[in-house]
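Please have a look at the sequence and the model first.

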Amino acid sequence: MSNLPQTLRQLKFPVIASPLFIISNPKLVIEQCKAGVIGSMPALNARPASQLDEWLAEITETLAAYDRAHPDNPAAPFAINQIVHKSNDRLDHDMEMCVKYKVPMIITSLGAREEINQAAHSYGAVVMHDIINDKFAHKAIEKGADGLIAVATGAGGHAGVKSPFALIQEIREWFDGPVALSGSIANGGAILAAQAMGADFAYIGSAFIATEEARALDAYKQCVVDSTSDDIVYSNLFTGVHGNYLAPSIRNAGLDPENLPQSDPSKMNFGGDAKKAWKDIWGCGQGISAVKKVVPTAELVARLKREYQEARTRLAL
């Protein structure tokens with residue numbers, strides 16, 4: 001059993017909904033938390049920056065009201081994702097907002113900075129840092145992160161190339177804190193498999209694109225429903241960092257998904273240019289064949305819970 005902070009120990013269902021660039025919004029986060037999974041969104045989804053204050057007020061007030069009305073079944077906590085890369089000129093402002101509203105969990109990406117972890121710890125938040133290899137995992141913990149999100153091959157958006165078996169095994173040789181696994185997890189059996197490998201939580205993103213609350217184009221949602229792992233393309237062209245994207249969206253942008261040029265990693269950007277790119281080029285992971293239709297978030301989580309229990313029952317036989 002991992003050494004989990006209290007915020008995570010209270011979670012009844014081992015799932016963290018990953019922050020979806022552009023797509024995640026307060027409505028989705030709130031429904032994820034009410035359904036019993038940790039809901040999250042990137043701070044950069046609030047545009048202009050002043051909107052983050054409004055969104056955090058909405059989330060905290062709505063969840064607090066829900067908890068008062070459901071004292072025996074409170075909502076799960078929520079998380080805000082911070083892009084720590086130097087191109088994010090909003091980072092300090094956005095962390096100030098997280099401190100103001102005492103956001104329970106901070107998810108950091110693309111860099112690890114001690115002062116960000118310290119700001120989160122100043123009011124008791126848990127910091128989970130996403131990594132693609134064991135080297136980056138060590139750096140994140142050395143700089144004060146509480147836990148790790150192991151982004152294995154097949155994950156949607158920015159993803160690594162390591163097998164989840166190898167990545168979790170290497171991390172667990174030295175780290176006994178909270179670990180979430182990301183990569184092609186879209187059904188309950190995969191959640192249980194993540195735990196069997198040594199992760200505490202499944203980190204699920206792509207399945208939530210095809211929900212009614214997600215702020216994605218209807219065509220994007222339907223593309224997730226209609227696609228399989230054969231339709232996922234791995235490229236660094238769009239942001240400078242390798243990630244997985246839906247081939248139909250690449251074709252619709254006038255590009256050949258089988259012959260994409262390489263981008264210069266030193267020019268990676270997560271400001272307005274990235275938002276424009278991700279509006280047309282749709283990120284997605286390889287596990288989407290489990291997604292059969294667009295449904296409310298509560299219905300998706302109910303399916304995951306049912307499949308998870310069915311998988312546990314099969315193993316107990």
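A salt bridge here is a side-chain nitrogen of Lys or Arg within 4 Å of a carboxyl oxygen of Asp or Glu. By this rule, the structure has eight salt bridges. The model is predicted, so local features need pLDDT of at least 70 and side-chain atom pairs count only at pLDDT 80 or more, while totals for chains, interfaces and linings use all residues. Residues are numbered from 1 along each chain as its sequence is written, and side-chain values use heavy atoms, with hydrogens and water left out.

**Lysine 293 and glutamate 299**
- These two side chains meet in a salt bridge, at 3.8 Å from N to O.
- Lysine 293 counts as exposed at 51% relative accessibility (exposed is over 50% relative accessible area, buried under 20%, partly exposed in between, with a 1.4 Å probe and protein chains only).
- Glutamate 299 is partly exposed, at 39%.

**A pair within a helix**
- Glutamate 31 and lysine 34 form a salt bridge, with their closest N and O atoms 3.2 Å apart.
- Both residues lie in helix 2 (residues 26-35), three residues apart, or about one turn of the helix; helices are DSSP runs of H or I with at least four residues, numbered from the N terminus.
- Lysine 34 is partly exposed, with 30% relative accessibility.

**A linked network**
- Asp92, Arg113 and Glu115 are joined in a network of salt bridges.
- Between arginine 113 and glutamate 115, the closest N and O atoms are 2.7 Å apart.
- Arginine 113 is partly exposed at 28%, and glutamate 115 is partly exposed at 42%.

Terms used: Helices (H or I, at least four residues) and strands (E, at least two) are DSSP runs, numbered from the N terminus.
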